[in-house]
Amino acid sequence: MNSENLRRTALYQTHVDLGARIVPFAGWEMPLEYSGILDETKAVRTRAGIFDVSHMGRLYISGSDAASLLDWVVTAGAASLRLGRARYAMICNEAGGIIDDTVFYRLDDESYLLVCNAGNRNEVMALLDRWVQERFGGASVDDRTLSTAMIAFQGPEGAAGLDGLCGGSASGLRPFASAQCQVASRSALIGRTGYTGEDGFELIADACDAPAIWDTLMDAGGSPCGLGSRDVLRLEAGLALHGHDITPETTPIEAGLGRYVQLDKEFVGAEVLRRQSAEGTRRRLVGLVVEGKRIPREGYAVHGNGEAVGTITSGSISPSLDRNIALAYVLEGFSTPGQQVQVDIRGQMAEGVVTPLPFYSRKGGG
Amino acid sequence: MNPTDRKYSKDHEWVLMDGSSKGVVGITKFAQDHLGDVVYLDLPKVGTKLAQFDKLGEVESVKAVSDIFSPVSGEIVEVNESLSGSPELVNEDPFGQGWLVHIETSDPSELDSLLTAEQYEAFLSDLPS
């Protein structure tokens with residue numbers, strides 16, 4: 001495997017020193033696992049885990065047209081977002097298909113941070129540049145992915161652990177709020193966001209400060225966690241993964257993400273999404289709990305009443321629930337919770353049932 | 001690190017002969033390392049007859065599912081029942097308690113086509129990382 005063209009995050013050496021299994025992912029050399037996916041999943045559900053998510057794109061959008069540009073490009077409201085808050089949204093094409101999903105933060109009146117998926121960074125950057133050229137000349141976009149690092153600190157003990165490092169300013173943050181803080185004497189933007197279904201934080205700092213912040217978070221009780229456990233955790237939490245559960249060929253309405261679409265504003269793809277929202281769609285993304293020990297995996301066919309009615313887009317064992325779980329697109333008539341289906345697992349049918357998302361909810365959480 | 005008392009296949013299985021025509025089959029430490037956490041094994045029933053390198057079963061880890069191939073021809077005479085409740089034994093002790101099946105071999109000369117521990121390690125070191 002040619003690894004010459006792969007990028008390394010500021011934490012690469014840290015991962016190697018910790019004995020991580022490193023794999024290529026979206027153009028980066030990333031840690032897949034350290035102690036093991038099941039062990040890391042449990043650490044996040046019961047204590048706290050640390051993830052290097054520096055491969056994700058960090059695009060800073062500023063200027064008098066920053067809010068207008070974002071409002072035109074993302075499905076959720078940007079101008080209406082209060083300072084110091086963040087929102088989940090999607091970026092769609094004209095057909096309503098999902099180019100990427102994102103969490104964007106309002107840092108100041110005319111300043112936003114848009115976090116996008118690693119594999120879509122260049123496309124999102126090109127799209128933003130195009131709209132700056134064509135319509136929003138008062139905005140500028142600065143890709144700081146390579147000069148910064150991003151670390152997720154997730155789990156029930158995350159807030160207390162991080163409080164001890166930043167003078168107590170972590171637990172005061174509401175979900176999807178953010179603030180600029182000092183962590184281990186280094187400046188970091190802390191957002192109460194994540195991709196695990198646990199309470200948790202994401203920290204963005206200068207790349208050169210990342211190893212020190214990582215070490216401090218480990219000292220505060222965090223277990224290093226890789227992309228493998230991140231994938232299990234997000235699936236348990238019913239969170240879609242771009243490139244798998246959501247793609248340019250699927251829309252937010254089909255994916256059941258309509259609550260992140262502000263239909264009464266104008267943005268790219270709005271017309272299609274308004275129509276789909278009113279008229280319904282042929283297929284829907286649903287959660288499935290699947291019987292048996294064999295794991296339902298991406299690409300496996302879903303059957304109902306003896307016919308193919310859909311396809312799995314993500315699947316895994318759920319260590320937190322001790323069941324096998326999956327996300328799948330199924331025909332609308334088979335998308336109601338409680339619907340019995342069968343999953344073709346390499347030629348053997350396994351019984352499944354459509355299940356409301358998320359599969360896993362943290363205690364006392366939302 | 002690979003025991004020298006047994007033979008290896010390029011598919012990362014091992015077979016340990018008991019001195020007669022019966023052998024124990026498992027997967028190597030290298031294989032379980034790459035699979036990660038093993039959560040399920042689909043193994044053949046006692047009495048199943050297999051030719052050398054036939055599919056013996058499937059090992060399912062959190063990340064992926066992989067085929068297991070029989071390093072020798074023969075009939076399955078015992079299956080490791082403890083793996084159904086404790087598949088993690090394959091990770092923890094791949095050369096010992098994590099064994100998969102006992103097989104009554106039908107052609108002992110096949111062992112000559114398999115790798116020694118030393119040859120297997122050389123084979124591993126030539127694999128692209």
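Buried residues account for 51% of the 366 residues of chain A, a residue being counted as buried if 20 or more other C-beta atoms, placed from the backbone, lie within 10 Å of its own. The structure is a predicted model, in which local features need pLDDT of at least 70, side-chain atom pairs count only at pLDDT 80 or more, and totals for chains, interfaces and linings use all residues. Residues are numbered from 1 along each chain as its sequence is written, and chains are lettered from A and ligands numbered from 1 in the order in which they are written.

Chain A contains eight helices and 20 strands; helices (H or I, at least four residues) and strands (E, at least two) are DSSP runs numbered from the N terminus. The C-alpha trace of chain A extends over about 60 × 50 × 45 Å along its principal axes. Of the contacts in chain A between residues at least 6 apart in sequence, 66% link residues at least 24 apart, where a contact requires C-beta atoms, placed from the backbone, within 7 Å.

An open sheet in chain A is built from five strands in the order β6-β7-β8-β5-β9, with antiparallel pairing; strands are taken to pair if DSSP finds at least two bridges between them. Axes are lines fitted to C-alpha atoms, for helices over the stretch in contact, and angles run from 0 to 180 degrees between N-to-C directions. Helix α4 (residues 121–134) of chain A lies across β5, β6, β7, β8 and β9 of chain A and runs at about 160° to β9(A). Seven bridges connect β6(A) with strand β7 (residues 98–108) of chain A in the antiparallel sense; I91(A) has D100(A) in β7(A) as its bridge partner.

The largest nonpolar core comprises 126 residues, of which L70(A), V74(A), F104(A), I151(A) and L203(A) touch the most other members. Such a core is a set of buried Ala, Val, Leu, Ile, Met, Phe, Trp, Tyr and Cys residues joined through C-beta atoms within 7 Å. Strand β18 (residues 323–331) of chain A supplies the largest share of this core, six residues. Beyond its neighbours within four places in sequence, F104(A) has contacts that include L70(A), V74(A), A78(A) and Y112(A).

Chain B has four helices and nine strands, arranged along the sequence as β-β-β-α-β-β-β-β-β-α-α-β-α. Its radius of gyration is 14 Å, close to the 14 Å given by the globule rule for 129 residues, so chain B is as compact as a globular protein of that length. Buried residues make up 38% of the 129 residues in chain B.

Twelve residues of chain A and ten residues of chain B form the contact between the chains. On the side of chain A that touches chain B, the elements giving two or more residues are α2 (37–46), α7 (227–236) and β17 (307–318) of chain A.

Note on methods
Contact = placed C-beta atoms within 7 Å. Buried ≥ 20, exposed ≤ 12 C-beta atoms within 10 Å, placed from the backbone. Rg over C-alpha atoms; globule rule 2.2 N^0.38 Å.
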